[in-house]
Amino acid sequence: MKRFYVLEQGCYIRKNGYVLQIWQGDKVIDEVSLERLEQLTIVGRASLSGAVLDELVRRRIETVLLTPEGRFRARIVVDEHKHVERRMRQYLMLSDPLVSGELASAIVESKLKSYGQILIRRSWKNNLPILRKKGLQLKSLASIASRERNIDMLRGIEGMGSKLYFDCFKHLITSRDFFFEGRNRRPPLDPVNAMLSFVYTLLTNEVLTAVQSVGLDPYLGALHAVEYGRPSLACDLVEEWRCFMGDRLVLTFINKQIVRPDDFIYRAEVSHGEGSEKGKDDIFRPVEMKPKVMRAFIESYERWMAQSIVNPFTGEHQSYRALIYNQAQRLLKWFLGKEERFEGFPWDKILRG
């Protein structure tokens, strides 16, 4: 097992020989071999011993910490600084507004094309002409983005496209048990947004790992401005994976009734949520998946990531996880001058195939 998720709240992680044990009270509820472990993800409130932390660092096992709602908190990773020249090239390239604009353009174009594609496909399946109309509008925005190089303009186009897409998202939900009134996060306030936020966090961590694996700095991107603690390049590159790898998984869980409303926990909290007025305390009820459902979601996500499709760039059969790594490699080659340009992933070719 290369990846292991700790989901139980209030548990304790201990080392026993070559095995990590997950303790709940006085019982071992799960365990994983350190010999096969590449990444450990801890969701919510769990504790680990100093011996465990020392072993994770010694074995160079990437450790990711998420909140109970699935938001990213921290990452423990040992950086060997082996790729200084690659990062220097990245800094040099992205310091040029034209180059950063070209990268941002490719990202926004790919994202909006995927949004348009999924709406058009669902318009046929659900017999909703309005989805086709909105899908064509998104493809038109994608075409505009492909010719734009100004970062601020591209951010505006991306924002318009995202709003257009999420205004239609409720039409993609066929289950009567769930509703969607718009995208909200930090914290998510309904089950649909809770699942979207969680799967986006998982995908962002996939991209961040790929970016680091090829030797690039995940904190300097193009579309997302530099902000303390934000992996801007990972946030850039994850955009093209959100729709077909994240949204479709969430819609599968909802529309096939794998999850129900009582599979979620509503927690009372007073905070300044996104969209609230500054200085005003509003009561928000953050929503999170129950551990049993979260585990089923993660298991489905891992099977999803292991699926093999034909890479349209190489003609090879690769898993979704390998495709993400391949895109990071292609970005590196572009930075190094080995590729003429960076292309977003062509989901339309996959769907035609």
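Glutamate 227 is partly exposed, because its relative accessible area is 45%, and buried means under 20% while exposed means over 50%. The model is a predicted one. Glutamate 227 forms a salt bridge with arginine 230. The closest N and O atoms of this pair are 3.7 Å apart. Arginine 230 has a relative accessible area of 22%, so arginine 230 is partly exposed too.

## Salt bridges across the structure

How many salt bridges does a search of the whole structure find? The search finds 13. Side chains of opposite charge can pair when their charged atoms come close.

One of these pairs joins glutamate 239 and lysine 111, whose side chains meet at 2.7 Å, N to O.

## A charged network

Four residues are linked in a network of salt bridges: Glu35, Glu55, Arg58 and Arg59. Within this group, the side chains of arginine 59 and glutamate 55 meet in a salt bridge of 2.7 Å, N to O.

The two partners differ in cover. Glutamate 55 has a relative accessible area of 8%, so glutamate 55 is buried. Arginine 59 stands at 23% relative accessibility and therefore counts as partly exposed.

## A nonpolar surface patch

Which residues form a nonpolar patch on the surface? They are Leu53, Val57 and Ile76. Together they have about 200 Å² of accessible area.

Leucine 53 belongs to helix 1, which covers residues 50-58. Leucine 53 counts as partly exposed because its relative accessibility is 38%.

Helix 6 covers residues 191-213, and helix 8 covers residues 239-255. Their axes come within 10 Å. The axes cross at roughly 140 degrees. Angles over 145 degrees would count as roughly antiparallel, so helix 6 and helix 8 are oblique to each other. The crossing of helix 6 and helix 8 is right-handed.

Glutamine 257 lies in the loop between helix 8 and strand 9 (264-266). What is the phi of glutamine 257 near? The value is near 55 degrees, which is positive in a residue other than glycine. Most residues other than glycine have a negative phi.

## Distances in sequence and in space

Leucine 164 is placed in helix 5 (residues 151-168). Leucine 164 counts as buried because its relative accessibility is 15%. Leucine 164 and valine 310 are 146 residues apart in sequence. In space, the pair is 30 Å apart, C-alpha to C-alpha.

Arginine 303 is part of helix 9 (residues 291-306). At 54% relative accessibility, arginine 303 counts as exposed. Arginine 303 and tyrosine 320 are 17 residues apart along the chain. What separates their C-alpha atoms? The separation is 9.9 Å.

Conventions:
Residues are numbered from 1 along each chain as its sequence is written. This is a predicted model: local features need pLDDT of at least 70, side-chain atom pairs count only at pLDDT 80 or more; totals for chains, interfaces and linings use all residues. Side-chain values use heavy atoms; hydrogens and water are left out. Patches are made of residues with over 30% relative accessible area and no salt bridge: like charges are joined within 9 Å, nonpolar side chains (Val, Leu, Ile, Met, Phe, Trp, Tyr) within 5 Å. Accessible areas come from the Shrake-Rupley method with a 1.4 Å probe; for residues, only the protein chains shown count as cover. Helices (H or I, at least four residues) and strands (E, at least two) are DSSP runs, numbered from the N terminus. Buried means under 20% relative accessible area, exposed over 50%, partly exposed in between (1.4 Å probe, protein chains only). Axes are lines fitted to C-alpha atoms, for helices over the stretch in contact, and angles run from 0 to 180 degrees between N-to-C directions. Angles under 35 degrees count as roughly parallel, over 145 as roughly antiparallel, 65 to 115 as roughly perpendicular and the rest as oblique. A crossing is left-handed if the near helix is turned anticlockwise from the far one by less than a right angle, and right-handed if clockwise.
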